[in-house]
Amino acid sequence: MFKILLFYKYVNIDDPRACMYEQRRLCEKFGLKGRIIIAKEGINATLEGTEENTDAYLKIFLSDECFKDTHIKRSVGTGDAFPRLSIKVRNDLVSDAFGVELDPTKETGKRLAPEKLNEWLEKKPGTFHIIDMRNDYEYRVGHFDGSILMDIKNFRDLPQALAQIAHLKNEPVVPVCTGGVRCEKASTLLIKEGFKDVYQLDGGIVSYMEKYPGKDFRGSLYVFDNRKVMNFTDPDKHVMIGECDICQKHSENYANCSLDTCHRHFICCENCQNNQNGYSFCSQNCQERYFTENPVQAGIKSVV
Ligand SMILES: [Zn+2]
Ligand SMILES: [Zn+2]
């Protein structure tokens, strides 16, 4: 049985490089694969391994004074959710180019437990706003009913995009993201920008779906590993809301645009993918540009 661990912690790490070596030693010892980002401001990780090995890893990880109260989210793995182990030191946990100095350990949005959000959704809908801080391709495959999508292509564009929700400055806002790591920063930014009543969904969407499978959140949760999407409901009850960018049929299959200069990650159903002779183009425009720039491939394609 494989398990996937998802966790982050904003905490001061004096020597990120030493932490990286220690993490590499630990992960290799237990045969874990996945991604870890380490920065002076903390750690952000998704790791997969057998149940036994992930438990053994956590026992050591959580015994570290720095990380002892880290909230760990577990889900069922596949054994090949990650091709390898990648551990990197970065300047910032979620975006190296935010351009604003933010420290969630000093000031951040009020933590709203999944139970509390569930209660709010039941008892006082419409009196607060769920703001989805993820990318559009994540939102499109699943999101909270009635949530607002920040129209950004990348998390680092958030500061410029805040004008879209400036009219909500005096109302309760609840930023949400996959596991919570982006909302620590997003909620801090909202406070800095003058939002008066800022929360953040504690443990992220994944924690909410775990507690309330199939409730309030429609569709599937996009995840950054080979599973692509995850669900907590049984397959018969699952409602698919993702739509293929090309034919608009329901799909949760993703592709990257074959045009190098675009490379957009988009929903592309298996059918459309098969119809493109092994290519996947997110638009007619990208397809035309690709074959203008690569006439040889166009020649091969016409033979096919
Ligand atoms: Zn399609
Ligand atoms: Zn494209």
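Across which strands does helix α6 lie, and at about what angle to β11 does α6 run? The legends below answer this and describe further views.

This is a predicted model, in which local features need pLDDT of at least 70, side-chain atom pairs count only at pLDDT 80 or more, and totals for chains, interfaces and linings use all residues. Residues are numbered from 1 along each chain as its sequence is written, while chains are lettered from A and ligands numbered from 1 in the order in which they are written.

**View 1. Helix α6 lies across strands β10 and β11.** Helices (H or I, at least four residues) and strands (E, at least two) are DSSP runs, numbered from the N terminus. Helix α6 comprises residues 181–192 and runs at about 175 degrees to β11. Axes are lines fitted to C-alpha atoms, for helices over the stretch in contact, and angles run from 0 to 180 degrees between N-to-C directions. Two residues are in contact if their C-beta atoms, placed from the backbone, lie within 7 Å.

**View 2. An open sheet of 5 strands shows parallel pairing.** The strand order is β6-β11-β10-β7-β9. Strands β6 (110–112) and β9 (148–149) each have a single partner strand, so one side of each is left without a neighbour in the sheet. Strands pair if DSSP finds at least two bridges between them. Strand β10 (residues 172–176) is joined to strand β11 (residues 197–201) by 2 bridges in the parallel sense, and P172 stands opposite D197 in β11.

**View 3. Strand β2 pairs with β3 and with β5.** Strand β2 (residues 33–39) has 5 of its 7 residues buried, so it is largely enclosed by the rest of the structure. A residue is buried if 20 or more other C-beta atoms lie within 10 Å of its own, exposed if 12 or fewer, and partly exposed in between, with C-beta atoms placed from the backbone. Strands β2 and β3 (residues 42–50) run antiparallel and share 7 bridges; a hairpin of 2 residues joins them. The bridge partner of I36 in β3 is A45. With strand β5 (residues 85–89), β2 forms 5 bridges in the parallel sense, and G34 stands opposite L85.

**View 4. Helix α7 is largely enclosed by the rest of the structure.** In this helix (residues 204–211), 6 of the 8 residues are buried. These are G204, I205, V206, S207, Y208 and M209. In the protein chain, buried residues make up 37% of the 304 residues.
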